[in-house]
Amino acid sequence: MTVLVDPPTLDRPAPVSPTAALSTGSRATDRNLVRDLTTLIRPHQWAKNLLVVPLVLIDTPRLGLGVLGRVSWAVLLFTLVSALVYVWNDVYDRHRDRAHPTKRNRPIASGRVSVPTAYAFGALLATALVAAVAFGPAFPWWPLAAYLTLNVAYSRGLKHLPLLDVLVVAGGFLLRVVQGYLAAGVAVSSWLLIAVFSLCLLLILGKRRHEMSVGGSAHRPSLAGYSVQYLDLLIVLCAAVAISGFLGHVQATIPTPYQALALVGSTPFALFAVARYLQVVVVDGDGGEPTRVLLKDRAMLVNALLWGVLIGGVLLVTQHPALLALAH
């Protein structure tokens, strides 16, 4: 007689209830939404605030916890307002982004994040920004308001006007610098503002050049007012003004006994930094992400480190002359 035996229980897959399947799918959807919302506010761009707003710390005579706290809060404010601007821009440009070879993969343009969800997320960011301004350290925050107003105007039409499009973006970086100095309560150097504005223009123009080389001018109307040759001329002009502005700032802020060392020592580092960026843009055909070039290019990082050691050492000696006496 043949006896039929059920196969071992271990070999039989466990039944999955419809409720558990829905729960698993819901968790996966929530994780995807969180990831897309995080992508929407571009965390990789936050380095701009970390690099630009705290520039005031170089010129601050005495660093204390109060100054560091206010400058850190200014970084937080500009991180929140820039995140809000990114959400607004992506909602407003979603139709145009769909025609771009890479921007079509953005969360809103691709449809992974709906417009109502983006608006709700933007409202949450705006609420956090207002709370941070209202309950944070007291210092003038008009650059923050100017930045938000400027970017709304940029999205509504200024971005389509040649030259104005790049000037507005560079102006946003200038406002970051001013906000840092206001937070620290330190007077800002006009030479530094010239250097920052020109350098930011250089980076933005390099990005525009890369966009024209890769995708043409169809996805960005303002590119119709440029040519690669014209952009090359503007890039060289901005490079010269940026270097001159920075050296003028060094001369104005470093005391006389150390001016020559700071100026002569900074010149090769400044020239190398600009020349390396031009090499990346013109020779390598890169430059679509200036922040990535500045933070991940090894030659740039080594140059910045050595340059920082030089300037930091000079500033340390100027503020604490006794260290030089101890060295002898």
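## Salt bridges and buried residues

R208 is buried (under 20% relative accessible area, against over 50% for exposed and in between for partly exposed, with a 1.4 Å probe and protein chains only), and D165 is buried too. The model is predicted: local features need pLDDT of at least 70, side-chain atom pairs count only at pLDDT 80 or more, and totals for chains, interfaces and linings use all residues. Residues are numbered from 1 along each chain as its sequence is written, and side-chain values use heavy atoms, with hydrogens and water left out.

The side chains of R208 and D165 form a salt bridge, that is, a side-chain nitrogen of Lys or Arg within 4 Å of a carboxyl oxygen of Asp or Glu. R208 sits in helix α9 (residues 190-215) and D165 in helix α8, so their pairing ties together parts that are 43 residues apart in sequence. Helices here are DSSP runs (H or I, at least four residues), numbered from the N terminus; strands would be runs of E, at least two.

Side chains of opposite charge can pair when their charged atoms come close. The structure holds 9 salt bridges, among them the following.

| Salt bridge | N to O distance |
|---|---|
| R208 and D165 | 3.2 Å |
| D90 and R106 | 3.4 Å |
| D93 and K159 | 2.2 Å |

D90 and R106 pair through their side chains. Because D90 belongs to helix α4 (residues 65-92) and R106 to the loop between α5 (94-97) and α6 (115-135), this pair ties together parts that are 16 residues apart in sequence. D90 is buried, at a relative accessible area of 2%, whereas R106 is partly exposed, at 24% relative accessibility.

D93 and K159 form another salt bridge. D93 lies in the loop between α4 and α5, and K159 in the loop between α7 (142-156) and α8 (164-184), so the pair ties together parts that are 66 residues apart in sequence. Both D93 and K159 are buried.

Salt bridges that share partners also join R42, D90, D97 and R106 into one network.

The structure holds 0 disulfides, a disulfide being a pair of cysteine sulfur atoms within 2.5 Å. C200 is buried, with a relative accessible area of 7%, and C238 is buried as well, with 10%.

G69 is a residue of helix α4. G69 is partly exposed, at 32% relative accessibility. Its C-alpha atom is separated by 9.0 Å from that of A184, although G69 and A184 are 115 residues apart along the chain.
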